[in-house]
Amino acid sequence: MSDSTSDDRAERLREAIRFKKASASVRREGFPARPTEASACLDELQRGIWLAHTMDPGSPAYNLVSACRVRGELDSEAVEGAFGAIVARHRLLRSTFIADGSEVLQVIHTEAPVELARVQSEPGGAVEAAVAAAKRPFELETLPLIRLHLVEEIGTGEQMLVLVLHHILSDER
């Protein structure tokens, strides 16, 4: 490829980046900020999940789980801080769901607790401990609807980070 062709491409790329930055700032100014604490009606999928949950509130059927093994030292304060920042950024993760007469409302809170719960297990028992943590049901009226666990196998140094959230917070359409 000739130098002039690559120079042209680089200039077009710089121009596209300048345009993107300029148009992004214009769009942000055009939209009013949403209130940090509010309520909203549920969409059809959320209503269905809420109804199923109320029919069997002790069931973990709507718990979504993600887990990964962690080797070496884990900075638990950094993990809590990172997940706290995610929850602070996303209104849905700070939500609870309540029945108000004939409708169900999503209540958006200004803050929601994020705590890394430490769980100890016997050697070889991390998966069982993670499953037990994942099976604990949520109460949709009470924060948090997202939980974070660090399962540590005693004496082995093996750890498993487990994230559990209620399906009502997730959109898997």
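Ser66 stands opposite Leu163 of strand 7, in a predicted model where local features need pLDDT of at least 70, side-chain atom pairs count only at pLDDT 80 or more, and totals for chains, interfaces and linings use all residues. Residues are numbered from 1 along each chain as its sequence is written.

Strand 2 and strand 7 (residues 159–166) run antiparallel and are joined by eight bridges; strands are DSSP runs of E, at least two residues long, and helices runs of H or I, at least four, both numbered from the N terminus. Two strands count as paired if DSSP finds at least two bridges between them. The open sheet has four strands in the order 2-7-6-5, with mixed pairing. Strand 2 (63–70) and strand 5 are at its edges, each with a single partner strand, so one side of each lacks a neighbour in the sheet.

Val119 has Val151 as its bridge partner in strand 6. From strand 5 the chain passes through helix 4 (residues 126–135) to strand 6, a right-handed β-α-β crossover (clockwise from the first strand over the helix to the second, with the strands pointing away from the viewer).

Strand 6 also leads us to the second largest pocket, giving the most to its lining, with four residues. The lining has eight nonpolar, one polar and three charged residues (Ala, Val, Leu, Ile, Met, Phe, Trp, Tyr, Cys and Pro count as nonpolar, Asp, Glu, Lys and Arg as charged, and the others, Gly among them, as polar).

Methods. Side-chain values use heavy atoms; hydrogens and water are left out.
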